[in-house]
Amino acid sequence: MSRVVFVLLPQVHLLDLSGPAQVFGTTERYHLSYVAETTPVPSWQGLPLAADLEWPALGPDDLVLVPGFREGHGQVSAETLRKIAAHHAAGGTVASVCAGAAVLGRAGLLDGRRCTTHHELQNDLARDHPAATVVRDVLYVCDDRVVTSAGIASGIDLALHLVAQRFGPAMAARVAREMVVFARRNGDEQQASAMLRHRGHLSDVVHRVQDRIDAEFTAPLPLPALAAGAGVSERTLTRLFAAAVGRTPLQYQQVLRVERAEYLIGHGTTVESAARAVGFADARMLRKLRSRP
């Protein structure tokens, strides 16, 4: 199992911590750890939190996440900053929620990278780290295994994005449904997955069909089979899907295929190989779909 290590600093915000922890814990694919420099850790909301003083051993598949804290607090030692930076240098991913971005900045991880934080803290982050590019009005930003989010509930968006990247959109969809967070907020279309963007509705029939498409989007999924699985007619499914999602089941499947292909291409896969990996017979359809505005 991969490990998520939450670095708890004084006056930590509970939702910055509990939102991502709920997401990762619901997957049952992560071991969660909580570390601090002293314990118990006072939260801004008044609830003291227990944490380990020693960090666990970490590998490249593990995540270190710094939740946000009340502005003016969040004192952190040079040793903790060194551990955060060392994890990234060893190939691991680091993330932050809200004011936690300032800690990643102090660890030297924002220079030359795009990042974000809570809108009330963006000017401070840009001033303190002029070598970073602070992206405003987005929920989260990913740049070379450094993932920063806007704050508070956007930590849930960040965590679902990381789950979708690691385990696929079907897993993230299951977690989102279990947490009753179908409606995803979206500051920047490129910052949230298609699976999350098209879940902002309350049609159980469509959610069930989307669950199947999310899990099998690389395979042929003819409309009659989808309709039969949902217990409705093809015409009814098409109508319900269009009303809830704004496109047909086939178009939704194509969006998932293209998004996954874009991810593979961005990580060095050729267009031809990416097309085959997501279920296209060749690259022609992928190129056609990628060229659409």
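The side chains of Glu272 and Arg287 meet in a salt bridge, 2.6 Å from N to O (a side-chain nitrogen of Lys or Arg within 4 Å of a carboxyl oxygen of Asp or Glu). This pair links distant parts of the chain, with Glu272 in helix H12 (residues 271–277) and Arg287 in helix H13 (residues 283–290), 15 residues apart; helices are DSSP runs (H or I, at least four residues), numbered from the N terminus. Glu272 is partly exposed at 35% relative accessible area, and Arg287 is partly exposed at 42% (buried is under 20%, exposed over 50%, partly exposed in between; 1.4 Å probe, protein chains only). The model is predicted: local features need pLDDT of at least 70, side-chain atom pairs count only at pLDDT 80 or more, and totals for chains, interfaces and linings use all residues. Residues are numbered from 1 along each chain as its sequence is written, and side-chain values use heavy atoms, leaving out hydrogens and water.

Across the whole structure, 13 salt bridges are found. One of them joins Arg177 and Asp204 at 3.1 Å, N to O. Arg177 lies in helix H6 (residues 169–178) and Asp204 in helix H8 (residues 204–216), so the pair ties together parts 27 residues apart in sequence. Within helix H8, Glu216 and Arg212 are 4 residues apart, about one helical turn, and their closest N and O atoms are 3.7 Å apart in a salt bridge.

Turning to the second largest pocket, its lining has 6 nonpolar, 3 polar and 5 charged residues (nonpolar: Ala, Val, Leu, Ile, Met, Phe, Trp, Tyr, Cys and Pro; charged: Asp, Glu, Lys and Arg; polar: the others, Gly among them).

Technical notes
Helices (H or I, at least four residues) and strands (E, at least two) are DSSP runs, numbered from the N terminus.
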